[in-house]
Amino acid sequence: MAKEFICTKTEPVVQTKAGKVRGFILDGTYTFHGIRYATAKRFQMPQEVEPWEGVKDALSYGYVCPMLNDPIPNGEVMVPHRYWPTSEDCLFLNVWTRSVDPAAKKPVMVWLHGGGFSDGSSIEQAAYDGDNLCKFGDVVVVTINHRLNVLGYLDVSSISPDYYNSANAGTEDMVAALRWVRDNIAAFGGDPDNVTLFGQSGGGAKIWTLMQTPSAYGLFHKGVVQSGVFDMIAVKKSDGRAITRALLEELGIPEAEGKKLAEVPYRELAEAYKKVSPALAEQGEYVGLSPLQNDYMLGDPRLVGFSDFAKTVPVMVGTVLGEFAFGPAIPNREALSEEEKTSMIAKKYGAESTPKLVQLFREAYPEKDLTDLLFVDLLFRVPSLDFIMKRADSSDVPVYSYQLTYDFPFDGGHIAWHCSEIPYVFHNTDKAPYTNVPGVSDRLEEQMSGAWVNFARCGNPNHPSLPEWPACTPGDEAMMLFDETCRVAHKVDWELLSLLKQVAPVFDPSKNDEPIQH
């Protein structure tokens, strides 16, 4: 069915602090793609946009940040992607709203994309499109690009005072985007005093990073950390002298002329970095690609404590049951006998631990197939639990816990994997084929998207289609399990996690978690 499309020379046009921008209206949603929120020179802090005369088009997505490795289409059924031209000039954002009345004061939801601090973009996944979430929740949705990898997270401060915080330049880009939201979002119908950050994987980590970044204090009010707490971010005080010297040597630039590093074409810089960084990393040297703890970014709150600002921010924190289980599912698992399944579990975790593991898994997830035990995530779940409980201990401001435990109709039944919750959150199951199950998808989409929207609106995810979801308290994690039938459980997997931490083989996240064959 055709939708009404409006895009004229005068409608819709919105006045921002720097000048007017023109977007388009489709089916009642005002859409603005590729609004520049700041400018930046390489390795330097972002600057406000210079004002302009006339009206600028916001009809095309802005460039995305270049990546160290060119993206390769792979596993698109599990995580549908979109690819876009890249440039260092990548400080652009996108807005979806149902009103451009400054008096509307709708909740604002700002999405921070995944890909660690090295990859990804605001449009990388098809499910990042903000139109459906905007309509469903009557919220203003903003997605942003920022500098990544060696452009956003590499300490080259020894070269020049101009590069004093190059190790956190990408984070300051996000701060600049939040300042843009503060200064301009009312013109797009949003409430600058009700801004919620939500992000998955690296995007979730960006949220707690901003909670520990003083320049971001007060620019957002709530956070949803989706599979975003992990132990891979450098937090020790260090510097980039070693990696800087190695790069200059590899590129043939004398140290006295180090500022020429800012003029090296990106691809040449990236290839040099990939060549010299592994050996330094192996020696324990700082090599960047994640925020650096310093006076600008205070560090991982699990290690250094939550900042006073972080203690005022209500948060939702969660994971999916399988996370890096991107490999094939167990073939014909429903036809396997109990003995065959138990044998597979024993092969992975050891025969001595298997009976207790099976017992604890069934107690935690009685509706799950036993083979899901082979893929239970520890990489995100264990640090997320640590974050949740330390946050509950540090403040009376609520922290809510969740987990997506749904088995998808892929490969005959597949445990939830990293990114698989995103289409439900964005109300975009129409853009991810694997989510579509008659009688299930629509309900789960309403439950999850509704929880995120309600949390953005008032700091509480409860709504009528969910069972009562209490906040976590010191010593007690109340977790919402999103599944075909949603339920709340207390300390649901604590004993299981405790045993798995002792017996699970070391997991390499760079490799797919392949199934154990029987």
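Biologist: Why is Leu 292 called buried?

Modeller: In this predicted model, Leu 292 has a relative accessibility of 4%. Buried means under 20% relative accessible area, so Leu 292 counts as buried.

Biologist: Where does Leu 292 lie, and how far is Leu 292 from Asn 184?

Modeller: Leu 292 belongs to the loop between helix H6 (266–282) and helix H7 (301–304). Its C-alpha atom is 30 Å from that of Asn 184, and the two residues are 108 residues apart in sequence.

Biologist: What makes Asn 132 buried or exposed?

Modeller: The value for Asn 132 is 18% relative accessibility. The limit for buried is under 20%, and therefore Asn 132 counts as buried. Asn 132 is part of helix H1 (residues 131–137).

Biologist: How do you know which residues Asn 132 touches?

Modeller: Contact means heavy atoms within 4.5 Å. Leaving out residues up to four places away in sequence, Asn 132 touches Phe 426, His 427, Asn 428, Asp 430 and Lys 431.

Biologist: Why are Leu 210 and Thr 213 described as buried?

Modeller: Leu 210 has a relative accessible area of 0% and is therefore buried. Thr 213 also has 0% relative accessibility, so Thr 213 counts as buried. Leu 210 sits in helix H4 (residues 202–211), while Thr 213 is in the loop between H4 and strand E11 (222–226).

Biologist: How do you know whether Phe 43 is buried or exposed?

Modeller: Its relative accessible area is 1%, so Phe 43 is buried.

Biologist: Why is the bond between Glu 11 and Pro 12 worth a remark?

Modeller: Most peptide bonds are trans. The bond that joins Glu 11 and Pro 12 is cis, with omega about -10 degrees. Pro 12 is located in the loop between strand E1 (5–6) and strand E2 (13–15).

Biologist: What makes a set of residues a nonpolar core, and how many residues has the largest one?

Modeller: The residues must be buried, of nonpolar core type, and joined through side-chain atoms within 4.5 Å. The largest nonpolar core has 123 residues, and those with the most contacts inside it are Val 142, Phe 188, Phe 220, Leu 261 and Leu 373. Apart from this core lies another of 44 residues, among them Ala 127, Leu 133, Tyr 402 and Val 453.

Biologist: Which residues does Leu 261 touch?

Modeller: Beyond residues up to four places away in sequence, the contacts of Leu 261 include Arg 42, Phe 43, Val 156, Ile 159 and Leu 269.

Biologist: How do you know that the radius of gyration agrees with a compact globule?

Modeller: With 518 residues, a compact globule would have a radius of gyration near 24 Å; the chain has 23 Å, so the two agree. The C-alpha trace spans about 70 × 60 × 45 Å along its principal axes, and 60% of the 518 residues count as buried. The chain has 13 helices and 15 strands.

Definitions and conventions:
Residues numbered from 1 in each chain as written. Predicted model: local features only at pLDDT ≥ 70, side-chain atom pairs only at ≥ 80, totals over all residues. Heavy atoms only, no water. Buried < 20%, exposed > 50% of the residue type's maximum accessible area, 1.4 Å probe, protein only. Helix = DSSP H or I, 4+ residues; strand = E, 2+ residues; numbered from the N terminus. Rg over C-alpha atoms; globule rule 2.2 N^0.38 Å.
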